[in-house]
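Let's take a walk through this structure together. Have a look at the sequence and the model, and then we'll go from one spot to the next.

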Amino acid sequence: MLMKISYEQMRILDLNAARYFEDRAAQHIARIFPERYKQLGQIKTRQLIREGIAKAGTYGIKAELPVTLFIDLMVSIDPEFDNLERMQWARAILEDKKFSGKSRMNIIYYKLPYKEKEAELQSAAKEQGAK
């Protein structure tokens, strides 16, 4: 016997899955970024998570792990990290659809420490040149 699931039932299942992900993501942020979680509080953290889900979706990133990694960048760098001048290299990767969402996030996380060190060195060189 084949069961039919109505559109409304599917919508409710989707909402429950989204709430469950939001709960787990909030717990993750509280555990990994406790100070930032305290700053934001529960309501703003959940709002940031929902924004992160939507924003990651605009780049075609929809799977749970890559979305979580995207949200982690929003928490640890800036909610608008992908629009920061110093992060344009990451935006270029996000927009490169020839790789999966997971691959794009892995590439960003691989390059991030090197890019941050590079920016730090450039900043120090500018300060040295200004003296």
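**Starting in helix H4**

Arg91 and Glu95 both sit in helix H4, 4 residues apart, which is about one turn of the helix. Helices here are DSSP runs (H or I, at least four residues), numbered from the N terminus. The two residues form a salt bridge, with their closest N and O atoms 2.9 Å apart; the term stands for a side-chain nitrogen of Lys or Arg within 4 Å of a carboxyl oxygen of Asp or Glu. Before going on, keep in mind that this is a predicted model, where local features need pLDDT of at least 70 and side-chain atom pairs count only at pLDDT 80 or more, while totals for chains, interfaces and linings use all residues. Residues are numbered from 1 along each chain as its sequence is written, and side-chain values use heavy atoms, with hydrogens and water left out.

How open are these two to the outside? Arg91 has 24% relative accessibility, so it counts as partly exposed, and Glu95, at 42%, counts as partly exposed too. The scale goes like this: buried is under 20% relative accessible area, exposed is over 50%, and partly exposed is in between (1.4 Å probe, protein chains only).

Now follow Arg91 to another partner. Arg91 also forms a salt bridge with Asp82, and here the closest N and O atoms are 4.0 Å apart. Like Asp82, Lys55 is buried. In all, the structure holds 11 salt bridges.

A pocket is found on a 1 Å grid over the protein atoms alone: it is an open set of points where a 1.4 Å probe fits, with protein on both sides within 12 Å along at least five of seven lines, and lining residues have an atom within 4 Å of a point. Helix H5 (residues 101-130) gives the most to its lining, with 8 residues.

The second largest pocket has a volume of about 190 Å³. Among the residues lining it are Phe21, Arg50 and Val67, and H1, H2 and H3 each supply at least two.

One last stop is His28, which belongs to helix H1 (residues 7-32). His28 counts as buried because its relative accessibility is 17%. Apart from its neighbours within four places in sequence, His28 is in contact (heavy atoms within 4.5 Å) with Phe33, Thr68 and Asp72.

How values were computed
Points joined across faces, edges and corners; volume = space filled by probe spheres on them.
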